[in-house]
Amino acid sequence: MVRPASFGFNNDTAASNAFQINDTSLSHDEVQANAVMEFDNFVKLLREKSINVLVAEDTKEPIKNDAVFPNNWITTHADGTLILYPMSSSSRKFERSTILIENLHQTFKVEKIIHLKKYEENGRFLEGTGSMVLYRVNQVCYACISTRKDLALLKEWCDIMHYELVSFKAVDGNGQDIYHTNVLMAIGGTVVVICLSTIQDEKEKLNLITHFELTKKEVIEISIDQMLKFAGNMLQVKNENDDTFLVMSKQAFDSLYSNQITQIKKHTQILYADIKTIETYGGGSARCMIAEIFFKKPPKLIKD
């Protein structure tokens with residue numbers, strides 16, 4: 001997770017991200033202060049549940065309004081692969097931190113780095129686990145099509161990483177393409193939370209449902225209104241005791257019906273944090289703030 005140094009509304013990303021709101025009731029300094037407070041409280045909440053969190057500090061220069069959302073520019077994989085992604089907003093390319101990458105190298109066993117960031121020059125984008133929701137156990141990549149992801153590059157990623165691609169078109173209540181897959185669906189070990197009403201093609205919808213059935217997932221369907229409150233932007237994590245938690249924002253949790261909460265609790269515990277400022281101005285939520293680390297730690301040297 002990246003502690004923000006200059007959080008704020010990003011005009012460059014607003015055209016394709018309908019979740020962003022430029023609320024002018026707060027000054028820039030107030031927005032930044034609130035974002036840091038929300039971030040620190042979120043990290044504290046995770047650590048209190050024995051969830052291991054590595055915090056990287058954002059730098060003030062150059063200004064990076066969206067640095068708090070690292071999952072868009074980096075993914076790590078259990079085979080030791082680290083992938084860097086091409087971002088649709090030119091201002092976001094500065095988020096790719098060489099210091100953070102070097103720290104990962106020093107702490108974990110990184111076998112290779114794949115630099116997809118080179119595609120930015122040709123206007124081809126693929127924004128990490130914002131663009132893709134990965135079910136790593138069965139190596140399935142779920143992706144809604146939007147301007148934030150190049151379909152050919154998405155297919156190339158799946159070929160490189162040996163994932164099956166399940167792509168579909170998804171729109172919000174105004175008919176606008178949903179910019180990231182991870183705001184409409186979240187997939188856990190035995191459960192998937194998804195806004196199926198955003199998918200208008202019945203064949204694509206049936207294909208998704210079939211995949212969920214084959215991988216034995218209970219489907220918890222959310223409405224478009226709940227999705228707009230980030231109820232699809234969740235991430236299942238595991239703590240040091242192998243307990244699992246579905247992490248979400250307070251706004252997302254408050255939007256859920258009691259029966260949906262009961263369904264989720266059959267599969268995992270729920271953990272939520274109040275990150276309203278980050279959601280409002282950044283247009284992303286709890287899942288976007290977490291870039292998972294799947295690397296293995298190198299074995300410790302035993303001294304004679």
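How does arginine 124 count at 21% relative accessibility: buried, partly exposed or exposed? Arginine 124 counts as partly exposed, where buried means under 20% relative accessible area, exposed means over 50%, and partly exposed is in between, with a 1.4 Å probe and protein chains only.

Hello everyone, a quick word on the model itself. This is a predicted model, in which local features need pLDDT of at least 70 and side-chain atom pairs count only at pLDDT 80 or more, while totals for chains, interfaces and linings use all residues. Residues are numbered from 1 along each chain as its sequence is written, and side-chain values use heavy atoms, with hydrogens and water left out.

Let's stay with arginine 124 and its charged partner. Aspartate 150 makes a salt bridge with arginine 124, and the closest N and O atoms are 3.2 Å apart. By salt bridge I mean a side-chain nitrogen of Lys or Arg within 4 Å of a carboxyl oxygen of Asp or Glu. Aspartate 150 sits in the loop between β7 (140–144) and α5 (151–161), and arginine 124 in the loop between β5 (112–115) and α4 (128–131), so the pair ties together parts that are 26 residues apart in sequence. The helices here (H or I, at least four residues) and strands (E, at least two) are DSSP runs, numbered from the N terminus.

Salt bridges that share partners also join Arg3, Asp40 and Glu57 into one network. Glutamate 57 is exposed at 54% relative accessibility, and arginine 3 is partly exposed at 24%.

For a local example, look at lysine 44 and glutamate 48, whose side chains meet in a salt bridge of 2.6 Å, N to O. These two are four residues apart in helix α2 (residues 28–48), which means about one helical turn separates them. Both lysine 44 and glutamate 48 are exposed. A search of the whole structure finds 14 salt bridges. Side chains of opposite charge can pair when their charged atoms come close.

β9 and β10 run antiparallel and are joined by three bridges, and alanine 186 stands opposite valine 193 in β10.

Strand β4 (residues 81–84) pairs with β5 in the parallel sense over four bridges, and leucine 82 stands opposite isoleucine 113 in β5. Touching, or contact, means heavy atoms within 4.5 Å.

Next, the inside. Which members of the largest nonpolar core touch the most other members? Of its 39 residues, they are Tyr142, Phe168, Leu184, Met185 and Ile194. A nonpolar core is a set of buried Ala, Val, Leu, Ile, Met, Phe, Trp, Tyr and Cys residues joined through side-chain atoms within 4.5 Å. Strand β10 (residues 191–194) gives the largest share of this core, four residues. Apart from it lies another core, of 25 residues, among them Leu46, Val68, Val247 and Ala286.

One last stop: glutamine 176, in the loop between β8 (164–168) and β9 (185–187). Glutamine 176 is partly exposed at 31% relative accessible area. Its contacts, leaving out residues up to four places away in sequence, include Ala15, Ser16 and Val171. The side chain of glutamine 176 also reaches the backbone oxygen of alanine 15 at 3.5 Å. Thanks, everyone!

Conventions. Polar contact = N/O pair within 3.5 Å; in protein donor to acceptor, adjacent residues only side chain to side chain. Pairing = 2+ DSSP bridges.
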